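I set out to record what I looked up in this structure. The entries follow in the order in which I made them.

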Amino acid sequence: AAIARGAESVLTACARHAPAAHVIMASSSEIFAADAPAPQNEHSPIGPASPYGKGKLIALQRAREARSRGQHVSSAILFNHESERRPPRFVTRKVTLAAARIAAGVQHSLSLGNMEARRDWGFAGDYMDALVRLATVETPEDVVVGTGEAHSVLDLVALAFAVVGLDYRDHVARDDSLTRPVDAPLRVADARRAHIVLDWTPRIRFEALVRRMVAADVERVRLTQDEGPAS
């Protein structure tokens with residue numbers, strides 16, 4: 001509800017006070033149905049399962065309604081965009097921070113749910129570049145933004161622990177209580193439209209992204225010796 005209300009407030013304010021403004025709404029791959037064929041593009045089946053996804057879908061619909069009334073409103077349907085600034089509650093930072101903490105001896109293990117799920121993880125800085133480009137297009141539209149590459153949670157875990165010289169099998173355990181009730185097995189972007197309309201291609205790929213995040217967490221742990229409770 002907060003996501004939808006926020007979108008409506010921004011669109012209403014722009015219509016009243018800055019009708020010529022180019023508005024960009026950050027949508028999400030969470031709007032797609034769990035069984036939507038991969039890769040997902042601007043025409044893939046819609047059917048969000050989470051409250052977050054439902055809120056993002058309502059916001060997308062409001063953006064389209066505003067566009068039909070003449071506002072310059074585009075939506076970027078963003079796949080997972082990650083960086084060292086992610087809060088630790090997200091799986092990417094949960095993993096990279098755990099790897100850094102375990103390597104430093106301040107954490108001993110990590111519990112995760114479904115490690116087979118595959119996601120399209122890209123660098124948030126690249127995705128912000130796409131948003132800026134989308135703001136400059138002459139004709140507003142909805143565009144999928146992603147890398148087009150899918151990696152499993154297990155891929156993420158193995159790489160993050162390898163970066164700090166550890167074998168994840170010695171430290172990571174599966175806990176089915178952490179598995180989400182409805183979790184799409186595969187999310188990966190078909191971002192061809194973004195390449196055409198925005199002349200956009202991601203610069204930082206999965207391995208470089210994970211290494212960047214681990215390095216940042218190693219430095220955080222070195223400076224603080226702790227960040228959050230041990231798992």
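**Entry 1: the pockets**

I began with the largest pocket and found that helix 3 gives the largest share of its lining, three residues. Helices (H or I, at least four residues) and strands (E, at least two) are DSSP runs, numbered from the N terminus. This is a predicted model, in which local features need pLDDT of at least 70 and side-chain atom pairs count only at pLDDT 80 or more, while totals for chains, interfaces and linings use all residues. Residues are numbered from 1 along each chain as its sequence is written, and side-chain values use heavy atoms, with hydrogens and water left out.

I noted the terms next. On a 1 Å grid over the protein atoms alone, a cavity is a set of points where a 1.4 Å probe fits but cannot get out, and a pocket is an open set with protein on both sides within 12 Å along at least five of seven lines; lining residues have an atom within 4 Å of a point. Grid points are joined across faces, edges and corners, and a volume is the space filled by probe spheres set on the points.

I read a volume of about 850 Å³ for the largest pocket. Its lining has 27 residues, and Asn80, Arg89, Phe90, Val91 and Arg180 lie nearest its centre. Strand 3 (81-82) and helix 3 are the elements that give two or more residues to this lining. I sorted the lining by class and found 10 nonpolar, nine polar and eight charged residues. Here Ala, Val, Leu, Ile, Met, Phe, Trp, Tyr, Cys and Pro count as nonpolar, Asp, Glu, Lys and Arg as charged, and the others, Gly among them, as polar.

I then turned to the second largest pocket, which holds about 160 Å³ of space. Among its 13 lining residues, Glu30, Ala49, Ser50, Arg180 and Val182 are the closest to its centre.

**Entry 2: the cavity**

I found one cavity of 30 Å³ or more. The volume of the largest cavity is about 40 Å³. Its lining is made up of Trp121, Thr147, Glu149, His151, Ile204, Arg205 and Phe206.

I located Thr92 in helix 3 (residues 91-104). Is Thr92 buried or exposed? Thr92 counts as buried because its relative accessibility is 4%, and buried means under 20% relative accessible area, exposed over 50%, partly exposed in between (1.4 Å probe, protein chains only). Its side chain makes a polar contact with the side chain of Glu82, at 2.6 Å. A polar contact is a pair of N or O atoms within 3.5 Å; within protein, one must be able to donate a hydrogen and the other to accept it, and residues adjacent in sequence count only if both atoms are side-chain atoms. Not counting residues up to four places away in sequence, Thr92 touches Glu82, Arg86, Trp121, Leu156 and Met213 (contact means heavy atoms within 4.5 Å).

I placed Ser83 in the loop between strand 3 and helix 3. Ser83 is buried, at a relative accessible area of 11%. A polar atom of its side chain lies 3.0 Å from the backbone nitrogen of Arg85.

**Entry 3: Pro39**

I found Pro39 in the loop between strand 1 (22-28) and helix 2 (51-68). With 42% relative accessibility, Pro39 counts as partly exposed. Leaving aside neighbours within four places in sequence, I listed Ser44, Val188, Ala189 and Asp190 as the contacts of Pro39.
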